[in-house]
Amino acid sequence: MQLPIIEPMKLSRVAAPFDHPDFLFELKHDGFRSLAYIADGHCELVSRKRNHYKSFESLKIALTHLKATEAILDGELVCLDRDGYSQFDQLLYRRQDPAFYAFDVLWLNGKDLRQLPLIERKKQLHELISRSDCDRIIYAQHIRQHGTALYQEICYRDLEGMVCKRKNSTYSSAGNWLKVLNPNYTQHEGRHEKFTAFKERTHRRATL
């Protein structure tokens, strides 16, 4: 069966953290957003703009070891240091093999899960990762209700931010998750210039 092409959920920025009993709050790792399409012993990593990542072959191979005949996962490609902190330059310049930080499962073994509540999808995702022999995938932990305390800890540890999601929400390109960014996150310094330089260098190599 051919897997459907799925438009990823959008992220909308909000100015301040909040507490709410209907929300789950997750750490926002600093990496490349990606959907992982896994079927027939093959994996494709696709960006939110529908570009296929040509790098990260070892990660693609590792993700085929998940105990599923078919799966579509939403997540982030991340390079982590020994303390579990995202290191964006390591990812951008391909200096380290990334892991897949999985925060949602949209399709599993022929079943479309997008209309299930988020909390149920996360339960199935956790079960899938737990029973699989794959050390390159990380399940996105969450806390309920208390977003403000999590955000304060994120800022204290110099992390990028957090994502806020309604626990009973379905998955739709028309829907929105909310992100609250750390305004003092040090790895954002010079980010635009790094991207520009990286794209220019990549273009020069392609034309040689």
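A cavity is a set of points, on a 1 Å grid over the protein atoms alone, where a 1.4 Å probe fits but cannot get out, and its lining residues have an atom within 4 Å of a point. The views below show a predicted model, in which local features need pLDDT of at least 70 and side-chain atom pairs count only at pLDDT 80 or more, while totals for chains, interfaces and linings use all residues. Residues are numbered from 1 along each chain as its sequence is written, and side-chain values use heavy atoms, with hydrogens and water left out.

Figure 1. The structure holds two cavities of 30 Å³ or more. A volume is the space filled by probe spheres set on the grid points, which are joined across faces, edges and corners. For the second largest cavity the volume is about 40 Å³. Its lining is formed by Ile5, Ile6, Pro8, Leu35, Tyr37, Val46, Ser47, Arg48 and Arg50. Six of these residues are nonpolar, one is polar and two are charged. In this classification Ala, Val, Leu, Ile, Met, Phe, Trp, Tyr, Cys and Pro count as nonpolar, Asp, Glu, Lys and Arg as charged, and the others, Gly among them, as polar.

**Figure 2. The largest cavity and serine 86.** The largest cavity has a volume of about 40 Å³. Leu27, Lys28, His29, Asp30, Ser86, Leu159, Glu160 and Tyr185 make up its lining, which comprises three nonpolar, two polar and three charged residues. Serine 86, one of these lining residues, is located in the loop between β5 (70-78) and α2 (88-92). Helices (H or I, at least four residues) and strands (E, at least two) are DSSP runs, numbered from the N terminus. Serine 86 counts as buried because its relative accessible area is 5%; buried means under 20% relative accessible area, exposed over 50%, and partly exposed in between (1.4 Å probe, protein chains only). A polar atom of the serine 86 side chain lies 3.1 Å from the backbone nitrogen of aspartate 30. Beyond its neighbours within four places in sequence, serine 86 is in contact (heavy atoms within 4.5 Å) with His29, Asp30, Cys79, Leu80, Tyr185 and Gln187.

**Figure 3. Strand β10 between its two partners.** Strand β10 covers residues 161-166, and five of its six residues are buried. Two strands pair if DSSP finds at least two bridges between them. Strand β2 (residues 19-28) runs antiparallel to β10 and is joined to it by six bridges. Within this pairing, leucine 24 stands opposite lysine 165 of β10. Strand β11 (residues 176-181) is likewise antiparallel to β10, with four bridges between them. Here methionine 162 stands opposite valine 180 of β11.

**Figure 4. Lysine 122 in helix α3.** Helix α3 spans residues 118-130 and includes lysine 122. Although lysine is classed as charged, lysine 122 is buried, with a relative accessible area of 1%. Leaving out residues up to four places away in sequence, lysine 122 touches Leu24, Glu26, Phe103, Tyr139, Ala140, Gln141 and His142. Leucine 24, listed among these contacts, is also the residue opposite lysine 165 in the view of β10.

Figure 5. Leucine 92 belongs to helix α2 and counts as buried because its relative accessibility is 1%. Leucine 92 and valine 78 are 14 residues apart in sequence, and their C-alpha atoms are 9.7 Å apart in space. Arginine 94 lies in the loop between α2 and β6 (99-108) and is partly exposed, with a relative accessible area of 35%. Between arginine 94 and serine 55 there are 39 residues of sequence separation and a C-alpha to C-alpha distance of 8.4 Å. Their side chains are joined by a polar contact of 3.4 Å. A polar contact is a pair of N or O atoms within 3.5 Å; within protein, one must be able to donate a hydrogen and the other to accept it, and residues adjacent in sequence count only if both atoms are side-chain atoms.

**Figure 6. Two loop residues with positive phi.** Phenylalanine 56 is in the loop between β4 (42-46) and α1 (57-63). Phi of phenylalanine 56 is near 65 degrees, a positive value in a residue other than glycine. At 8% relative accessibility, phenylalanine 56 is buried. Asparagine 109 lies in the loop between β6 and β7 (111-112), and its phi, near 50 degrees, is also positive in a residue other than glycine. Asparagine 109 is partly exposed, with a relative accessible area of 37%.

Technical notes. 1 Å grid on protein atoms, 1.4 Å probe; cavity = no way out; pocket = protein on both sides within 12 Å on 5 of 7 lines; lining within 4 Å.
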